[in-house]
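Trainee: Before I use the terms in my notes, I would like to go through what each of them rests on. Could we take them one by one with the model in view?

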Amino acid sequence: MIGYVTLGTNDLARGAVFYDALAAELGVGRMMEFDNFIAWGAPGGAAGIGLTKPFDGNPATVGNGVMVALAAKDRAQVDRLYAIALEQGGTCEGPVGERGGGFYAGYFRDLDGNKLNAFVMGG
């Protein structure tokens, strides 16, 4: 259903380091790269994530209520993704743990304040 998701950044080079680390843990890399945009994912695979400087030239801002969820293969990978995010300078938005109904997740923000989580269902 979702082809890809893009998040805004004010410093693409700095943000790329953050997403390179998360993508490496997920087993994917950069699949598209331009001066103002980088996308990570597997060509022809599941939805990817892009980081972009806004096309209109205005500063990137965080969308209130917007969150990108990264599907992990198991709870250990959720733990690693959350740790990687914080090691790369991200901030905690909710520590890793069971949220009920077999939903296990950790919430964090990237370097520009975009909200993400890593999750697994029933893992």
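Mentor: Keep in mind that this is a predicted model, and begin with its elements, of which there are two helices and eight strands, running from the N terminus as β-α-β-β-β-β-α-β-β-β.

Trainee: What makes the protein as compact as a globular protein of its length?

Mentor: The radius of gyration is 14 Å, and the globule rule gives 14 Å for 123 residues, so the two values are close and the protein is as compact as a globular protein of that length. As for its extent, the C-alpha trace spans about 40 × 30 × 25 Å along the principal axes, and 40% of the 123 residues count as buried.

Trainee: Why does Asn117 count as buried?

Mentor: The cut-off for buried is under 20% relative accessible area, and Asn117 has a relative accessibility of 1%, so Asn117 counts as buried. Asn117 has its place in strand 8, residues 115–121, and, leaving aside residues up to four places away in sequence, Asn117 touches Met67, Val68, Ala69, Leu70, Phe103, Ala105, Gly106, Tyr107 and Phe108.

Trainee: How far apart are Asn117 and Glu93 in sequence and in space?

Mentor: They are 24 residues apart in sequence, while their C-alpha atoms are 8.7 Å apart in space. For the protein as a whole, among contacts between residues at least 6 apart in sequence, 52% join residues at least 24 apart.

Trainee: How is the lining of the largest pocket divided into nonpolar, polar and charged residues?

Mentor: Its residues divide into 18 nonpolar, three polar and no charged.

Trainee: Which residues are closest to the centre of the second largest pocket, and how much space lies in it?

Mentor: About 180 Å³ of space lies in the second largest pocket, and of the 16 residues that line it, Gly3, Tyr4, Met31, Met32 and Ala39 are the closest to its centre. Strand 1 (4–8), strand 2 (29–34), strand 3 and strand 4 each supply at least two residues of that lining, which divides into 11 nonpolar, five polar and no charged residues.

Note on methods
Residues are numbered from 1 along each chain as its sequence is written. This is a predicted model: local features need pLDDT of at least 70, side-chain atom pairs count only at pLDDT 80 or more; totals for chains, interfaces and linings use all residues. Side-chain values use heavy atoms; hydrogens and water are left out. Ala, Val, Leu, Ile, Met, Phe, Trp, Tyr, Cys and Pro count as nonpolar, Asp, Glu, Lys and Arg as charged, and the others, Gly among them, as polar. On a 1 Å grid over the protein atoms alone, a cavity is a set of points where a 1.4 Å probe fits but cannot get out, and a pocket is an open set with protein on both sides within 12 Å along at least five of seven lines; lining residues have an atom within 4 Å of a point. Grid points are joined across faces, edges and corners, and a volume is the space filled by probe spheres set on the points. Helices (H or I, at least four residues) and strands (E, at least two) are DSSP runs, numbered from the N terminus. The radius of gyration is taken over C-alpha atoms; the globule rule is 2.2 Å times the number of residues to the power 0.38. Buried means under 20% relative accessible area, exposed over 50%, partly exposed in between (1.4 Å probe, protein chains only). Contact means heavy atoms within 4.5 Å.
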